[in-house]
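I opened this one up to see how its pieces sit together. Here are my notes, in the order I looked things up.

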Amino acid sequence: MPDLMSHLLIGLILAEMLNVKKKSIVVLGALVPDILAKIHLAYFYVGIEQPLTFVHFHTPLMAFLLSVVIAPLFQYKMFTTILYFNMGSISHFLADFPIKHFTEVGTIFFFPFSTKGYTLNWVWPEQSIYIFITTLLVYLLIKAVKAKNL
Ligand SMILES: [Zn+2]
């Protein structure tokens, strides 16, 4: 997984490129898959046995279900909220796709039909600093171009 800042920037870039007005919903969708999948860390810090696995929260289906559940909490149209949230979560899973893994098997795209993980094995997680720098430069470039056009 790229770091959360890279996921945030990728969501912002997507929202800027598609002229989405509610960028925060896209960014929320881009961040939530990793946050939900890390719930088990609370058990680690408390020092109790983990009763459940949260790995399957890091899947497109669970992101979609979460978007349907939380969409009424927003003041925007439900369909718009679900669409923007899932744009962000799809960007998250596509950004995770090229990452190499030692122990994990990759991104589980087709849960619950399959738990097979997919990865392109291109980038080690510690190399995500390059993704962060690149996405930051792309985002700043987009903002500069948009500011000049106004
Ligand atoms: Zn992830």
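**Loop between H5 and H6**

I started at Pro112, which I found in the loop between H5 and H6. Before going on, I noted that the model is predicted, that local features need pLDDT of at least 70, that side-chain atom pairs count only at pLDDT 80 or more, and that totals for chains, interfaces and linings use all residues. Residues are numbered from 1 along each chain as its sequence is written. My helix names follow DSSP runs numbered from the N terminus (helices are H or I, at least four residues; strands are E, at least two).

Back to Pro112: a cis peptide bond joins Phe111 to it, with omega about 10°.

Pro98 is in the loop between H5 and H6 too. Leu120 is 22 residues from Pro98 along the chain, yet their C-alpha atoms are separated by 4.5 Å.

Asn121 also has its place in the loop between H5 and H6. Its phi is near 55°, a positive value in a residue other than glycine. I get 11 other C-beta atoms within 10 Å of Asn121, so it is exposed.

**Loop between H1 and H2**

Asn19 is in the loop between H1 and H2. Here is another positive phi, about 55°, and Asn19 is not a glycine. Is Asn19 buried or exposed? It is exposed, because 8 other C-beta atoms lie within 10 Å.

**Ala15 in H1**

Ala15 is in helix H1, residues 4–17. It has 24 other C-beta atoms within 10 Å, so I put it down as buried. Leaving out residues up to four places away in sequence, Ala15 touches Val20, Lys23 and Val26. I also checked Ile25, 10 residues from Ala15 along the chain: the two C-alpha atoms are separated by 9.4 Å.

Next I looked at how H1 meets helix H6 (residues 128–149): the axes come within 9 Å and cross at roughly 30°. The axes are lines fitted to C-alpha atoms, for helices over the stretch in contact, with angles from 0 to 180 degrees between N-to-C directions. H1 and H6 are therefore roughly parallel. My cut-offs are under 35 degrees for roughly parallel, over 145 for roughly antiparallel, 65 to 115 for roughly perpendicular, and oblique for the rest. The contact residues include Leu9, Ile13 and Glu16 of H1 and Phe132, Leu136 and Tyr139 of H6. They divide into 12 nonpolar, 3 polar and 1 charged. Nonpolar covers Ala, Val, Leu, Ile, Met, Phe, Trp, Tyr, Cys and Pro; charged covers Asp, Glu, Lys and Arg; the others, Gly among them, are polar.

The axes of H1 and H5 also come within 9 Å, but they cross at roughly 125°. That makes H1 oblique to H5. In this contact, Ser6, His7, Ile10, Gly11 and Leu14 of H1 meet Met87, Gly88, Ser91, His92 and Ala95 of H5. I note 4 nonpolar, 6 polar and no charged residues there.

How do H2 (residues 23–37) and H5 (residues 78–96) cross? Their axes come within 7 Å, at roughly 45°. H2 and H5 are therefore oblique to each other. Among the contact residues are Val26, Gly29 and Pro33 of H2 and Tyr84, Gly88 and His92 of H5. The contact divides into 11 nonpolar, 7 polar and no charged residues.

My last stop was helix H4 (residues 60–70), where Met62, Ala63, Leu66 and Ser67 are buried. They cover an arc of only 140° around the axis, so they are on the same side of H4; the arc is that of the directions from the helix axis to the C-beta atoms. Leu65 and Val69, on the other side of H4, are exposed. The buried residues of H4 pack against H2 and H5.

Note on methods: Two residues are in contact if their C-beta atoms, placed from the backbone, lie within 7 Å. A residue is buried if 20 or more other C-beta atoms lie within 10 Å of its own, exposed if 12 or fewer, and partly exposed in between; C-beta atoms are placed from the backbone.
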